[in-house]
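Here is a brief report on a structural model.

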Protein chains: 2
Amino acid sequence: GYSGLPRSVDGLEGAPEWASLRALIPPLGGKSVVDLGCGFGWFCRWARGEGAAKVLGVDVSHNMLERARQQTHGGAIRYVRADLEELSLPKESCDLVYSSLAFHYVAGFERLFSVAYSALRPGGCLVFSAEHPLLTAPSRPGWVTDAEGRPTWPVDDYLVEGARVTNWLAPGVVKQHRTIGTYTRLLLEAGFALTHLEEWGPSDAQIEANPALAQERQRPTFMLFAARR
Amino acid sequence: GYSGLPRSVDGLEGAPEWASLRALIPPLGGKSVVDLGCGFGWFCRWARGEGAAKVLGVDVSHNMLERARQQTHGGAIRYVRADLEELSLPKESCDLVYSSLAFHYVAGFERLFSVAYSALRPGGCLVFSAEHPLLTAPSRPGWVTDAEGRPTWPVDDYLVEGARVTNWLAPGVVKQHRTIGTYTRLLLEAGFALTHLEEWGPSDAQIEANPALAQERQRPTFMLFAARR
């Protein structure tokens, strides 16, 4: 299950895209940070270690928050349980809204960027990753070997946004397929200025250390966004 | 060949994405406009019809420019032959830089957005379409019917940018595959603010009028960008 993944066991360093995501995060000394979909709290603790004055971790999972609390000490990090579809945050209360691989599980997504925008102070940043739409689009996702023996990732329904049921880690997991265009439109409509959009791929050094990552160049798994209020 | 396509015969209205692209274009009354890859000059004449004071059409094809000149009257529209890889434009001389389906033929692309940025007056707009990277990525592009009889578009090499040789309309056509992330990064690096990013799909009415367009929802052909200096 999820708790056995490298990123769950090893934390941020277990995620191949972390170095790229980290590069988008502004200096955190004395800042107030919100992590949407904080899971076990790895990023919350990292942000505190970077000098953040206050960190709020939000997740819908009781179990994950319980484990996050067990591994967290001191009063600067607070965890709350909330569904991101119904989230509300105090206005102009934080400097960074962060989220790693959570947004593609949120169905009623239209208002979330507006909530993040209102919660940020002017000049504040939104930095997030989500599954790439190439991963979430297909009605039957999977690699298929073509006539010449090469791996291909057959795509259909790319512009048909909405729920996809997969059996990744657990049966019947529901993801929400959204295109890059839709994420960008919602960011701009909420008032954000887009500052970064990356379809993430591994470096040569990462592929040398972990040859399975080469597949990411055929069909990316992650996209990273940064935007400024 | 190209001159037999609906968009070549019927002009702008022959292109299904035109209404969406047109919606991104600011009022042109009295403005100065540049069209990069103007082909037969359909857009140049449309812009003049919308009240543009000056229109410059740029294309690499002698034959297309000759036909554009034959169909154009009056001195407000000027055509010049130039390779977009080596283009230069006078600084702060125009209000709109437009391009339809030309950029994915340009190999040395890194400087073109900077050239457009410098050519625009502050507040000026860049509006362009290009082939969607889902179309240009595959090493062997084409629809494949899956085990259950459904059309799929197998993708590989998505993050491997560069030349692709296809046999669309003519044998040995070279296109340049670039991701949405790369187009966006180059725009932002050139100094633009992104104002629109659309992975284009047909409306229900368009599909009813032309059922073949339904395929676009499975795998889009076009993407549309707008940005402001």
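In which strand of chain B does Glu131(B) lie? Strand E5, residues 120-131, holds Glu131(B). The model is a predicted one.

Glu131(B) has a relative accessibility of 9%. The cut-off for buried is under 20%, so Glu131(B) counts as buried.

The side chain of Glu131(B) makes a polar contact with the side chain of Lys175(B), at 2.9 Å. Lys175(B) is also on the list of residues that Glu131(B) touches, once residues up to four places away in sequence are set aside.

## A sheet with strands from both chains

Four strands make up an open sheet, ordered E6(A)-E7(A)-E7(B)-E6(B). The pairing is antiparallel. Strand E6 (144-145) of chain A and strand E6 (144-145) of chain B stand at the edges. Each has a single partner strand, so one side of each lacks a neighbour in the sheet.

E6(A) is joined by two bridges to strand E7 (residues 151-155) of chain A, and the two run antiparallel. Thr145(A) has Pro151(A) in E7(A) as its bridge partner.

## Nonpolar cores

In soluble globular proteins, nonpolar side chains tend to be buried together. The largest nonpolar core here has 80 residues. Phe113(A) and Phe113(B) have the most contacts inside that core.

Beyond its neighbours within four places in sequence, Phe113(B) contacts Phe103(B), Leu126(B), Phe128(B), Tyr183(B), Leu186(B), Leu187(B), Ala190(B) and Phe192(B). Another core, of 28 residues, lies apart from the largest one. Among its members are Ala15(B), Trp18(B), Val33(B) and Cys125(B).

Terms used: Residues numbered from 1 in each chain as written. Chains lettered and ligands numbered in written order. Predicted model: local features only at pLDDT ≥ 70, side-chain atom pairs only at ≥ 80, totals over all residues. Heavy atoms only, no water. Pairing = 2+ DSSP bridges. Buried < 20%, exposed > 50% of the residue type's maximum accessible area, 1.4 Å probe, protein only. Polar contact = N/O pair within 3.5 Å; in protein donor to acceptor, adjacent residues only side chain to side chain. Contact = heavy atoms within 4.5 Å. Core = buried A, V, L, I, M, F, W, Y, C linked by side-chain atoms within 4.5 Å.
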